[in-house]
Amino acid sequence: MNQKEIESVIALASEERYKYFIKKVADSEIFYTLTDDNGNYVLSTIDEERLFPLWSAQEYAQLCKVNGWENCEIKKLDLDDLEDKIVDFIADHGCLINVFPVFDKTGFVVDLTEFSKDLSDELKNYG
């Protein structure tokens, strides 16, 4: 991934970054989040809602290692991880999904049901 692509994608509105994320993840079946020093998933909070961050590429996750997340590790996940671990974690912790935050700005916030439907719909194009 080159710098020009990174810059053009992070300049998109949050909803467009969400659509980009869904297409990229459906194609690669890989996505990224952050973990803390203890290996726990990192969450942010907005209006008392807990948000689970996801990115389509390691480079985008790297940009968000600011404002207290500098020491976080980028964790690579695949669709099996999503099904086997992430969905349960999000459901058990009552999180919303923060798709593609940029720097310290919130991305497109979506609930698990809508996220799962959108990703499932896009994956049908790759079946």
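Predicted model: local features only at pLDDT ≥ 70, side-chain atom pairs only at ≥ 80, totals over all residues.
Local features need pLDDT of at least 70 and side-chain atom pairs count only at pLDDT 80 or more, while totals for chains, interfaces and linings use all residues. Residues are numbered from 1 along each chain as its sequence is written, and side-chain values use heavy atoms, leaving out hydrogens and water.

**Core.** A nonpolar core is a set of buried Ala, Val, Leu, Ile, Met, Phe, Trp, Tyr and Cys residues joined through side-chain atoms within 4.5 Å. The largest one has 38 residues; F21, F100 and F115 touch the most other members. Helix α2 (residues 14–28) gives the largest share, six residues. Helices are DSSP runs of H or I, at least four residues, numbered from the N terminus.

**Aromatic rings.** Rings of Phe, Tyr and Trp (its six-membered ring) pair if their centres lie within 6.5 Å. There are eight such pairs. F21 sits in helix α2 and F115 in helix α5, 94 residues apart. Y20, Y60 and F100 form one aromatic cluster.

**Burial.** Buried means under 20% relative accessible area, exposed over 50%, partly exposed in between (1.4 Å probe, protein chains only).

| Residue | Relative accessible area | Class |
|---|---|---|
| F21 | 0% | buried |
| F115 | 3% | buried |
| E122 | 12% | buried |

**E122.** This residue lies in helix α5 (residues 112–123). Beyond four places in sequence, E122 contacts I22, K23 and A26, with contact meaning heavy atoms within 4.5 Å.

Note on methods. Helix = DSSP H or I, 4+ residues; strand = E, 2+ residues; numbered from the N terminus. Phe/Tyr/Trp six-rings, centres within 6.5 Å; stacked < 30°, edge-to-face > 60°.
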